[in-house]
Every structure is written in structure tokens, then in C-alpha cells.
Amino acid sequence: MSSKCTIKHNEKYCRLDDFFSKIPREVYVTSFNNIENDAIKKILNDPEDRNTVHVFLHNNLNINAASKQLYMHRNTLIYRLDKIKNATGLDLKKFCDAFIFHVLMFKHKD
């Protein structure tokens, strides 16, 4: 069963969008090419996984808030985040890894 959730951008969060819009895309695309792997690409191309990460990041890595917004039990969200960690090597519950993944999401933004 797929959970679809629409994120409402708030002023606080959109600062990061604004920040990346001012950096030439080639700069962060080139910088993060060596980090990206097939597992990360698979997560980024899967709508359900991407939405899970998107909601988690937009809720400031808060598992309870994100699981509530995704309409899922918090343990289900933890399971999904652990699955992403095992596949990609990035632990999205840690700020540095979450930031890297978020930059990669901008890199793949349509």
C-alpha cells in the first residue's frame, strides 16, 4: 500500500530551496557524483521511498511527526529508514547523512 502525502512548504524550510537555487547546479552535481551509487538512485527514482525521505526531511528528522504525516506507525518509518541505510550506507537519522541525501534529491530534482 502506497502512502501519498503532499508537503506544504513553509518559510523556514524553503530557505534550503532558496539556497540551492542560488548555487549553479553543476557545482553540487559534480561535487556529489562520487557519493551517489545505484542504491541511492533506486531510492530517488522510487516514488514511495522518495516521498518517505522527503516527508522525513521536511519534518526535521522527527520520526513521530513524519510518521504521523505519512499515516504510518513510527516503527514502519524506522524500518523504511533502516532499509534505506542498509541499501545506501546513509543513515538518514543522522544530520550529515540526511543533508547529503537531501542534496542528492536536489540533484535529481526535475
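Helices (H or I, at least four residues) and strands (E, at least two) are DSSP runs, numbered from the N terminus. The model is predicted, so that local features need pLDDT of at least 70 and side-chain atom pairs count only at pLDDT 80 or more, while totals for chains, interfaces and linings use all residues. Residues are numbered from 1 along each chain as its sequence is written, and side-chain values use heavy atoms, with hydrogens and water left out.

**Exercise 1. State how many helices and strands the chain has, and give the order of its elements.**

Solution. 
- Step 1: The chain has seven helices and zero strands.
- Step 2: Read from the N terminus, the order is α-α-α-α-α-α-α.
- Step 3: Of the 110 residues, 41% are buried (buried means under 20% relative accessible area, exposed over 50%, partly exposed in between, with a 1.4 Å probe and protein chains only).

**Exercise 2. Compare the span of α4 with its expected span, and list its buried residues.**

Solution. 
- Step 1: The expected span of a helix is 1.5 Å times one less than its number of residues.
- Step 2: With twelve residues, α4 reaches 16 Å from its first C-alpha to its last, close to the 16 Å expected.
- Step 3: Asp49, Asn51, Thr52, Val53, Val55, Phe56, Leu57 and His58 are the buried residues of α4.
- Step 4: At the start of α4, a side-chain oxygen of Asp46 comes to within 3.2 Å of the backbone nitrogen of Glu48.

**Exercise 3. Classify the crossing of α5 and α6, and name the residues that make the contact.**

Solution. 
- Step 1: Axes are lines fitted to C-alpha atoms, for helices over the stretch in contact, and angles run from 0 to 180 degrees between N-to-C directions.
- Step 2: The two axes come within 9 Å and cross at roughly 105 degrees.
- Step 3: Angles under 35 degrees count as roughly parallel, over 145 as roughly antiparallel, 65 to 115 as roughly perpendicular and the rest as oblique; α5 and α6 are therefore roughly perpendicular to each other.
- Step 4: Ile63, Asn64, Ala66, Ser67 and Leu70 of α5 meet Arg74, Leu77, Ile78 and Leu81 of α6.

**Exercise 4. Describe Asn59, Asn60, Leu61 and Asn62 in the loop between α4 and α5.**

Solution. 
- Step 1: Asn59 is buried, at a relative accessible area of 16%, and touches Ala65, Ala66 and Gln69, not counting residues up to four places away in sequence.
- Step 2: Asn60 is exposed, at 54%, and has a positive phi of about 55 degrees although it is not a glycine.
- Step 3: Leu61 is partly exposed at 24% relative accessibility; Leu61 has a positive phi of about 60 degrees, again without being a glycine.
- Step 4: Most residues other than glycine have a negative phi.
- Step 5: Asn62 is partly exposed at 36% relative accessibility, and its side chain reaches the backbone nitrogen of Asn64 at 3.0 Å.

Conventions
Polar contact = N/O pair within 3.5 Å; in protein donor to acceptor, adjacent residues only side chain to side chain. Contact = heavy atoms within 4.5 Å.
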